[in-house]
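Dear colleague,

I am passing on the structure we spoke about, and I would be glad if you could look through it alongside the notes below.

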Amino acid sequence: MQWLLLQEGSPGQRSRGLAAGIFAGCFPFFGLQTLLGVFLASLLRGNRILAAAGTWISNPFTYVPLYWFNYTIGRRLLGEHPGGISGLHGGAASSFPWEDVWSLGWTVARCVLLGSTLVGLALGVSLGLVCWLWLRRTRPAP
């Protein structure tokens with residue numbers, strides 16, 4: 001918390017940077033989350049260091065629950081039915097329905113991306129607002 005207080009910028013700049021990072025961290029773009037967060041923080045005139053730190057909302061401990069939650073949200077909103085490889089028909093590898101497997105990948109990707117966008121917006125905005133309110137209350141008097 002002390003580190004957050006010592007960052008440069010107004011409470012708005014710091015909270016926008018953190019919100020941008022949290023939003024970017026909700027996407028499964030491993031290796032690109034930090035770049036996306038810093039880019040969004042630059043567009044929003046937020047603190048880029050806090051944006052990079054905010055992407056750590058997804059980390060090795062939270063990957064599975066976060067992306068499963070995002071997938072579930074997207075699947076419910078898109079009306080996709082839970083399926084999987086077990087639902088595919090076929091026998092030998094030569095007659096395996098590879099087109100069905102490919103379309104299943106796009107179905108899952110659509111669900112994850114929609115869920116990630118909505119969860120990222122909700123978490124980014126709400127935690128950015130909490131951060132802004134907290135920073136305004138703890139800001140030292142000039």
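Predicted model: local features only at pLDDT ≥ 70, side-chain atom pairs only at ≥ 80, totals over all residues.

The protein chain contains 6 helices and 0 strands, and its pattern along the sequence reads α-α-α-α-α-α. Of its 142 residues, 34% count as buried, and among the contacts with a separation of 6 or more, 72% are accounted for by residues 24 or more positions apart.

Turning to the aromatic side chains, the structure holds 6 aromatic pairs. One of them joins F23 and F27 in an edge-to-face arrangement, with 5.2 Å from centre to centre and 70° between the planes; both of these residues are buried. The rings of F30 and Y67 also form a pair, and because their planes stand at 80°, with the centres 5.8 Å apart, this pair is edge-to-face. Since F30 lies in the loop between α2 (11–25) and α3 (33–43), while Y67 belongs to helix α5 (residues 63–78), the pair ties together parts that are 37 residues apart in sequence. Y67 is buried, its relative accessible area being 11%.

For the protein chain as a whole, the accessible surface comes to about 9,100 Å², of which 69% belongs to carbon and sulfur atoms.

Key. Residues numbered from 1 in each chain as written. Heavy atoms only, no water. Phe/Tyr/Trp six-rings, centres within 6.5 Å; stacked < 30°, edge-to-face > 60°. Buried < 20%, exposed > 50% of the residue type's maximum accessible area, 1.4 Å probe, protein only. Helix = DSSP H or I, 4+ residues; strand = E, 2+ residues; numbered from the N terminus. Contact = heavy atoms within 4.5 Å. Areas by Shrake-Rupley, 256 points an atom, 1.4 Å probe, with all protein chains shown as cover.
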